[in-house]
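Dear colleague,

Here is the structure I promised to pass on to you, and my notes on what was found in it follow below.

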Amino acid sequence: MSGGWWCAGVRWPGQVPELGWSRGGDRRVSVLAYGTGLGFRAVGERHCVGARGNACPLGAVVPGRSTGGRCAECARLDRAHSVAADTIADDPRTYRVYLAWFGPGMVKVGITGEERGAARLREQGAVVFSWLGRGPLMAARRTEEVLRAALGVPDRIPYARKRAVRGRLPGREERAAEVAELYGRAGRLEGRGWPESLERLPLEVVDQAALFGLDRAPAPVRSVRELVDGGVLAGRLVAAAGPDLHLAVDGVGVVVLDTRLITGWDLAAVAAEAVPAEGASGETVSAEAPSTEAPSTGAASVGAEPAVAQGGVRVPLIDIGGGGVQGGLF
């Protein structure tokens, strides 16, 4: 290992995405802005990112296609202490149950800590969502189970399915209608399995397409399958949803990078020269964190005429929705 900065993937603590970085015990972030360039080269091997903020004791090498980025032991430890594992039945915090929409026919139910607000919905790339109820952890879990059993609502949707429909989303009203319809069906379960300790919240549909940039970005055509030593990806950030960054790459189109694939890699800067559009200025952002201060991005504002990044791809790609491998390295 080179001892450089490792990317920890995309985070959504607020209304804009951030890239997290780690080096030893140091933690930094780069705030991302649509219209800016982003370029990096993967170096060496991919190593386990550890668990619960602790480094992997083995420094294990992990597969390039793993979206978890952890060895088997660290993955077990991380899962054992998560809310999803149901190992903390006496958790005193308040939880919220939500309905999240990712595309036509793709609505799921889930829970998140109330103190986190809508961060969990941004992290999952939920285009539309509404809160359903709030209460203790076990009541929230019970509500998930009731909706799965009574209404057939899943608690997870694969990211590949989400990506396949992002380029052809229906209009705002249609998106909202599907969430509202399921909210109504769920509400009719009160008295028929709905936990008494879960307070029902009013319907308030939140649409995040504009926040993600999906309402103005070209449809994605390819996605990164994995990184490899020496693999390069450089382009202009046009949208982001959940862990995915949508990069406009010259000669290819919009390529989706699942940032869960870049955790555990040392990333080196790749210059992606910015050519300002007429009457506007833009800035290219390196994906490499500087050694002395937190990575930062120049901020072409969302909605402004962006700079055009001269980009490139030298990592394996697959067609979005097609399932086939395109070409290997190129």
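Asp-266 counts as buried because its relative accessibility is 8%, where buried means under 20% relative accessible area, computed with a 1.4 Å probe and protein chains only. Asp-266 lies in strand E14, which covers residues 266-269, strands being DSSP runs of E of at least two residues and helices runs of H or I of at least four, numbered from the N terminus. The side chain of Asp-266 makes a polar contact with that of Trp-6 at 2.6 Å, that is, a pair of N or O atoms within 3.5 Å in which, within protein, one must be able to donate a hydrogen and the other to accept it. Arg-46 is 220 residues away from Asp-266 along the chain, yet their C-alpha atoms are 7.6 Å apart.

This is a predicted model, in which local features need pLDDT of at least 70 and side-chain atom pairs count only at pLDDT 80 or more, while totals for chains, interfaces and linings use all residues. Residues are numbered from 1 along each chain as its sequence is written, and side-chain values use heavy atoms, without hydrogens and water.

The protein chain has six helices and 20 strands, and 49% of its 330 residues are buried.

The average pLDDT, the predictor's confidence in each residue from 0 to 100, is 83 for the protein chain, with 81% of the residues scoring at least 70. Over residues 273-310, however, the pLDDT is below 50. Where pLDDT is low, the predicted coordinates should not be read in detail.

Best regards

Notes
Buried means under 20% relative accessible area, exposed over 50%, partly exposed in between (1.4 Å probe, protein chains only). Contact means heavy atoms within 4.5 Å.
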